[in-house]
Amino acid sequence: MELNVTGLSVARGGIPVLEGLDFTLRAGEALILRGPNGVGKTTILRTIAGLQPPLAGQVGLEREAMAYAGHADGIKSTLTVRENLTFWADIFGTSGVADALEAFDLVALADRVAGALSAGQKRRLGLARMVVTGRPVWVLDEPTVSLDASAVGLFAQAVRNHLAGGGMALMATHIDLGLEEARVLDVAPYRAKAPAHDDFDGSFL
Amino acid sequence: MRALLIRDIRLAVRAGGGFGLGLAFFLIVVVLVPFGVGPDSGLLARIAPGILWLGALLSCLLSLDRIFALDWEDGSLDLLATAPLPMEALVSVKALAHWLATGVPLVLASPLFALLLSLPPEGYLPLLVSLALGTPALSVIGTFGAALTVGLKRGGLLLSLLVLPLYVPTLIFGAEVARRGAEGLETGVPLAMLAGITFGAIALLPFASAAVLRVNLR
């Protein structure tokens with residue numbers, strides 16, 4: 001399985017932000033997107049995850065292969081950690097949240113209400129969701145926000161396990177994860193130069 | 001799909017979920033009416049079907065903006081959109097969960113509230129049937145409105161403006177069933193119309209809701 005992104009152009013709010021992006025990600029590989037704030041890293045990841053259509057170009061894999069984690073963790077504060085994870089496991093049709101709890105050191109917190117977690121613990125819960133999706137391509141947007149050094153280590157280990165199982169990871173991050181095998185792609189050179197696309201209808205949507 | 005339904009109902013009944021809010025609002029509306037129009041039980045009995053329907057409709061409206069707004073705020077909606085669940089199924093389950101958490105309690109409580117407005121005894125069954133048949137349409141239409149306004153700051157007011165006109169046919173035929181029932185008249189025709197509106201809404205609106213939700217998530 002490979003993720004072949006060819007000639008991808010993406011727009012945010014009707015304005016093209018990046019164009020002509022090409023890369024290939026094979027099973028067991030990780031790619032880190034770098035670039036200054038506002039360059040369009042989130043927009044690319046949302047496009048690849050299938051949340052918005054590309055302006056041009058293709059994402060070579062079905063959206064069914066992607067598991068997306070954005071800035072928000074999608075945690076329900078009145079449910080417990082285990083209930084939150086079990087819900088996502090049921091939605092994605094996988095079973096067992098024990099591995100995910102283990103991988104992100106959440107076992108001791110499993111029966112605590114998610115609203116009582118700290119920001120870093122919530123983030124860990126949000127990332128543990130990626131493990132229960134059982135999907136081959138992880139699309140991660142700033143996964144390490146509010147994580148401490150040891151939690152970043154847990155996360156890097158989880159990514160490594162995922163890659164070892166033939167998965168792929170695509171992430172936008174600024175900090176060094178200690179993933180030596182990951183390639184880095186600087187997206188700044190792909191910044192869109194064309195004049196604003198005339199999307200008259202789009203401005204009403 | 002069942003997991004989503006169970007989660008939504010669980011969220012509704014846990015602290016801060018807003019379960020019972022609609023019911024309490026319904027009770028207050030019904031209690032306020034006699035203060036407004038006076039304690040004449042003849043008059044109250046005559047206007048009871050309309051008031052009960054209006055009260056149920058407004059209580060239903062109260063919780064509509066929660067259908068998608070909370071999932072939007074905490075990011076779950078994006079994650080659900082990337083899940084294997086089709087968007088049409090997602091909005092249908094959301095509407096069903098809203099109906100179970102809001103519509104069903106309203107239907108079940110309506111005989112009690114009808115007592116407060118001295119509805120004639122023969123009016124209870126038509127009232128119950130009309131609400132049971134009409135409230136699903138309120139939830140489905142409301143889900144469409146919620147999908148349209150998701151992501152807007154203070155979308156709740158806009159949502160009411162969008163949704164209330166769409167509620168008019170349901171209100172007309174629902175209240176007509178209840179009124180004719182209370183007066184001991186034939187209710188077949190308005191009941192059939194009400195059923196038609198409800199099933200039409202259930203059949204068509206999920207596709208519209210899913211389409212606008214996709215646009216709103218971009």
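Q: Where in chain B does T102(B) lie?
A: In this predicted model, T102(B) is part of helix α6, residues 87-116 of chain B.

Q: Why does T102(B) count as buried?
A: Its relative accessibility is 10%. Buried means under 20%, so T102(B) falls in that class.

Q: What makes the pair T102(B) and S63(B) a polar contact?
A: The side chains of the two residues are joined at 3.4 Å. The cut-off for N or O atoms is 3.5 Å, and the value for T102(B) and S63(B) is within it.

Q: Which residues is T102(B) in contact with, leaving aside neighbours within four places in sequence?
A: They are S59(B), C60(B) and S63(B). Contact here requires heavy atoms within 4.5 Å.

Q: Why is the link between D74(B) and K76(A) called a salt bridge?
A: The closest N and O atoms of D74(B) and K76(A) are 2.8 Å apart. The rule asks for a side-chain nitrogen of Lys or Arg within 4 Å of a carboxyl oxygen of Asp or Glu, so this Asp and Lys pair qualifies. Across the interface of chain B and chain A, the rule finds five salt bridges.

Q: How do you know that chain B and chain A touch?
A: Contact is found between 23 residues of chain B and 26 residues of chain A. The area buried between the two chains is about 2,200 Å², with 63% of it from carbon and sulfur atoms. L79(B), T82(B) and R218(B) supply 28% of the area that chain B buries against chain A, more than any other three residues.

Note on methods
Residues are numbered from 1 along each chain as its sequence is written. Chains are lettered from A and ligands numbered from 1 in the order in which they are written. This is a predicted model: local features need pLDDT of at least 70, side-chain atom pairs count only at pLDDT 80 or more; totals for chains, interfaces and linings use all residues. Side-chain values use heavy atoms; hydrogens and water are left out. Buried area is the accessible area (1.4 Å probe) that two parts lose on being put together, summed over both. Helices (H or I, at least four residues) and strands (E, at least two) are DSSP runs, numbered from the N terminus. Buried means under 20% relative accessible area, exposed over 50%, partly exposed in between (1.4 Å probe, protein chains only). A polar contact is a pair of N or O atoms within 3.5 Å; within protein, one must be able to donate a hydrogen and the other to accept it, and residues adjacent in sequence count only if both atoms are side-chain atoms.
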